[in-house]
Amino acid sequence: MPELPEVETIRRQLAPAVEGRRLERLEVLDPRWCEPAAPEEVAAAVEGRMIERLSRRGKYLVLELEDEVFLVMHLRMTGNLLLADGEDPSHLRVRFVLDSGERLLFYDVRRFGTGVVLLGERARDEYFASRLGVEPLEPEFTADALRGLAAGRRAPVKAFLLSQERIAGVGNIYADEALFRARIHPLRPVGSLKRGQIAELRDAVVESLQAGIDARGATIDASRNADGARGAFQDRFLVHRREGEPCPRCGTAIVQLRAAGRGTYVCESCQPRPRARRRR
C-alpha cells in the first residue's frame, strides 16, 4: 500500500500540472470508486470548478476546488494517479479531463481506491479528524506529543505506529525502518518506552519518511509514480524485506517476524526483544 512518501511524491509531481487548471469533466467508470454516492452526483459537484490546490493528509490526496469543494481520494493497495496524454492504462476507474486537454487518470488493479466529495472546510476537517492523527512531518509532531499519545498504552510499538488515528501516513515499510533507526523492537509495548526512546523514535519516524520522499518513494511489485517511473527507496531499505541479510549496523542476520499482523523485519541484536513478563 502506498504510504506517506509515495503519496507525497505523487502530489509533488501532479501539483504543477493541475493547480490553476479547470476540471472540465469527471468520468467515473467504476461506480464502486465513489459509493455510496452516484457517479453523476460526484461529477455534478466538481465539474467546471478551478483546482486551487492539490494537497495531502496522511495517505489521502485532496483536490481542493473553488468554493470549498474537496475531492478526497485514497489509493488504498494498488491505486495510482497518472497524468497522461496518450492511451488509457489498464484498470482505469476514473478519468479527470482538464481544460489544458490533459487527463488525470485514476487506475487501480484491485479496485479498493476511493473518492468522496466533501462540501466546505468544516466537513473536510471533521472527515479527517475522525480518521487521522497528527501529521508526522508537521511541527506539531514533537517528542512530547508522541509521548502523550503513547502514555499508558500496552499495544506493541509497531501496531501503534500503524494506527492512522494516532500518526497519519506511516505504514509497514516506514514503521520497520523507523524502529530500526531508533533501536526499538517492534513488539515492545509502546507505553513502556522511556523518554529518551520516545524522542529517538520521533526523530526516526521523520528521518525515515523524509528519506522515502527524497528517493521518490518505494516501488514494490507493479506500483509506479505519477510519471510512470519507479521510486528508489526499496534500494535503500535498512531492514525491510532484507531477511537473512546482514544488519547494516552490526552484521547480525535480519529476521522476519509477525507484528501487528504484518510481516516485520528486525535486527534482534540492535533491537533487543522485550523480556517476557513473569506470571505470579
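Aspartate 88 counts as partly exposed because its relative accessibility is 34%. The model described here is predicted.

If neighbours within four places in sequence are left aside, aspartate 88 is in contact with Arg95, Arg103 and Leu105. The C-alpha atoms of aspartate 88 and arginine 103 are separated by 9.3 Å, and the two residues are 15 residues apart along the chain.

A second polar contact of the aspartate 88 side chain, at 2.5 Å, goes to the side chain of arginine 95. Arginine 95 belongs to strand E6. Is arginine 95 buried or exposed? Arginine 95 counts as buried because its relative accessibility is 16%, and the cut-off for buried is under 20%. The side chain of arginine 95 also makes a polar contact of 2.2 Å with the side chain of glutamate 27. Apart from neighbours within four places in sequence, the residues in contact with arginine 95 are Arg25, Leu26, Glu27, Leu29, Asp88, Arg103, Leu104 and Leu105.

| Side chain | Partner side chain | Polar contact |
|---|---|---|
| Aspartate 88 | Arginine 95 | 2.5 Å |
| Arginine 95 | Glutamate 27 | 2.2 Å |

Another part of the model is helix H7, which covers residues 195–214 and has 20 residues. From its first C-alpha to its last, H7 reaches 29 Å, which is close to the 28 Å expected at 1.5 Å a residue. Which residues of H7 are buried? They are Ile198, Leu201, Ala204, Val205, Val206, Ser208, Leu209, Gly212 and Ile213. The cover over these buried residues includes four other helices: H1 (4–18), H4 (143–150), H5 (157–162) and H6 (172–182). After H7 comes arginine 216, which has a positive phi, near 60 degrees.

The surface has a nonpolar patch formed by Met1, Met77 and Phe112. Together these residues have about 280 Å² of accessible area. One of them, methionine 1, is placed in the segment before H1, and H1 is among the helices that cover the buried residues of H7.

Definitions and conventions
Residues are numbered from 1 along each chain as its sequence is written. This is a predicted model: local features need pLDDT of at least 70, side-chain atom pairs count only at pLDDT 80 or more; totals for chains, interfaces and linings use all residues. Side-chain values use heavy atoms; hydrogens and water are left out. Helices (H or I, at least four residues) and strands (E, at least two) are DSSP runs, numbered from the N terminus. The expected span of a helix is 1.5 Å times one less than its number of residues. Buried means under 20% relative accessible area, exposed over 50%, partly exposed in between (1.4 Å probe, protein chains only). Contact means heavy atoms within 4.5 Å. Patches are made of residues with over 30% relative accessible area and no salt bridge: like charges are joined within 9 Å, nonpolar side chains (Val, Leu, Ile, Met, Phe, Trp, Tyr) within 5 Å. Accessible areas come from the Shrake-Rupley method with a 1.4 Å probe; for residues, only the protein chains shown count as cover. A salt bridge is a side-chain nitrogen of Lys or Arg within 4 Å of a carboxyl oxygen of Asp or Glu. A polar contact is a pair of N or O atoms within 3.5 Å; within protein, one must be able to donate a hydrogen and the other to accept it, and residues adjacent in sequence count only if both atoms are side-chain atoms.
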